[in-house]
Amino acid sequence: MADLPELAELAELGIGIDVGGTNTDAVVLDAQGRVIAKAKRPTTPEVTEGLRAALDAVLAKLGDAQPRVTRVMLGTTHATNAILERRNLGRVAVLRLGAPATTSVPPLSGWPDDLRKAVSAGEAIVAGGHYVDGREIRPPDLGAIRRFLDGVEADAVAVTSVFSPAGGEHERLVEELVRAEYGLPVSLSHEIGSLGLLERENATVLNAALYGVAAHVTGALVAALAERDLRARPYLAQNDGTLMTLEHAARLPVSTIGSGPANSLRGAAYLSGVTDAIVVDVGGTSTDLGVLAGGFPRESAAAVEIGGVLTNFRMPDILAIALGGGSVVREQGIGPDSVGYRIVREALVFGGSTATMTDAAVAAGRTPPGEPGWRARLGDMSEGIADMLERAVAVADEMVIDAVDRMALGKSDRPLVAVGGGAFVLPERVPGAGPVIRPEHAEVANAVGAAIALASGRVDTILPAGDSRSEAIEKAKEEAAARAVAAGADPSAVEIVDLLEVPLSYLSEPAVRVHVKAAGPLAR
């Protein structure tokens, strides 16, 4: 890290913060992308407190250079926790445009009862929607929509129209009506999910339920910066490893779910210089495995379950296993429970009385960088404890080998990038992967990923495969670029980073499904 005298010469600094299950990490990067300050603080029950503590820790290291901070990028678990805990969720009026064709499966089918009770203010299916090729089925029944909304008490409205990714006009028409006559925020499915009615509808409802959570997060972040007299522009991390402005996050809060693993993957790519690899992020409670493809997280091709609800918005392909530095070690195995942030009091290596995976790794000679004296802290252990810790290392190694094999998909030459505060528990060689890379600052890779992220926008739609295909694809590219700019990207530097075409041969008219992603550096 740079010395403090050098900091006074820096033109601008950026802070990345990532709220994890055990720790909240923060880093400061200069304009050249060097890590010049970092901190790790326990994640508190009210996660905003841990955020403030980590922010204060890195600011203290900056001294007189604090005014040089121009951006603060946050990856947070607020939205995920709210859904998992059924807490602080708004009441949503759920409106589907698709009668009579879609009435056989009503909205929120398959939702856990407790989550449905916490979220739903009422559901209705009315006329409207499009065919898969974008042709209108019938106009929206605005009268029925008004009668439905008159009869519910809701904090927000979620609107899902049949095949709206191919034509979002009906959803936007309903949004205009709701805002003008009811003054409620509206969540539109074509802005959130891809094709697939029920999963897209589920994601849209969750998004609407999170508006209050998003307001709390953004308000807390803005307040934290103001209290510290920082005139930095704040951003939130998205689940694809990119950023969005607070205004964008207020409209699409569900996009913050999965931002933690995505940040770790992006940070691993940046710190290691490797763009195609398996990333193993070992935290205090769990280990997340993902794959880098071209420097970005490989996305999941399957529907993603969040809090018991299937959704289809883009998420990184992550495999999580119950193994972390704080995992409790017993005679019968490891975890799944963890001492979490209490590890500094309860683990054997810190003078506590609970055997953890950290203790097992240290006993096997695996210690964090710069901490060779940790083995001596364990002192003389009984034969029973020593044997138990040795068995735990063997079990943990097998868990990692199996998980890597599942993520590699038969490609065993990819390097493995080890990151996270518990990365030292990993062996020096993992069968099924290439060399193990342990980059500098690996313990705060998630915060680094937040700090260096780009802003992005994406479009997933169906287009005709005839003569107008090229023109339609160009329009899709323009829309993706516009969404990236709305998320905070510099209009002059936005590029198309992903373009996927899939022919749809089962339609009466030739068509292709097109997915476009645009990304660019943050606007100055």
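1. Thr-256 is found in the loop between helix 9 and helix 10, the latter spanning residues 259-272. The structure discussed here is a predicted model, and the remarks below should be read with that in mind.

2. Is Thr-256 buried or exposed? The relative accessibility of Thr-256 is 6%. Since the term buried applies under 20% relative accessible area, Thr-256 therefore counts as buried.

3. The surroundings of Thr-256 can be described in two steps. Its side chain reaches the backbone oxygen of Pro-253 at a distance of 2.8 Å. If neighbours within four places in sequence are left aside, Thr-256 is in contact with Thr-76, Ala-79, Leu-236, Ala-237 and Met-244.

4. A second point of interest is the start of the chain. Strand 1 (residues 13-19) pairs with strand 2 in the antiparallel sense, and seven bridges connect them. One of the pairs may be located by name: Leu-13 has Asp-30 of strand 2 as its bridge partner. The link from strand 1 to strand 2 is a hairpin of three residues.

5. Strand 2 also pairs with strand 3 (residues 35-42); these two strands run antiparallel and are joined by seven bridges. Here Val-28 stands opposite Ala-37 of strand 3. The hairpin of strand 2 and strand 3 has four residues between the strands, and in this hairpin Gly-33 takes a positive phi near 85°.

6. How many of the eight residues of strand 2 are buried? The count is seven, and strand 2 (residues 23-30) is thus mostly covered.

7. The final points concern empty space. Rolling a probe the size of a water molecule over the atoms shows where such space is left. In this model, the second largest pocket holds about 930 Å³. Its lining is made up of 42 residues, and those closest to the centre of the pocket are His-190, Arg-458, Val-459, Glu-479 and Arg-483.

8. Which elements supply at least two residues each to the lining of the second largest pocket? They are helix 6 (169-181), helix 9 (246-251), strand 21 (455-464) and helix 16 (469-486). Strand 21 gives the most, with nine residues.

Technical notes. Residues numbered from 1 in each chain as written. Predicted model: local features only at pLDDT ≥ 70, side-chain atom pairs only at ≥ 80, totals over all residues. Heavy atoms only, no water. 1 Å grid on protein atoms, 1.4 Å probe; cavity = no way out; pocket = protein on both sides within 12 Å on 5 of 7 lines; lining within 4 Å. Points joined across faces, edges and corners; volume = space filled by probe spheres on them. Buried < 20%, exposed > 50% of the residue type's maximum accessible area, 1.4 Å probe, protein only. Polar contact = N/O pair within 3.5 Å; in protein donor to acceptor, adjacent residues only side chain to side chain. Contact = heavy atoms within 4.5 Å. Pairing = 2+ DSSP bridges.
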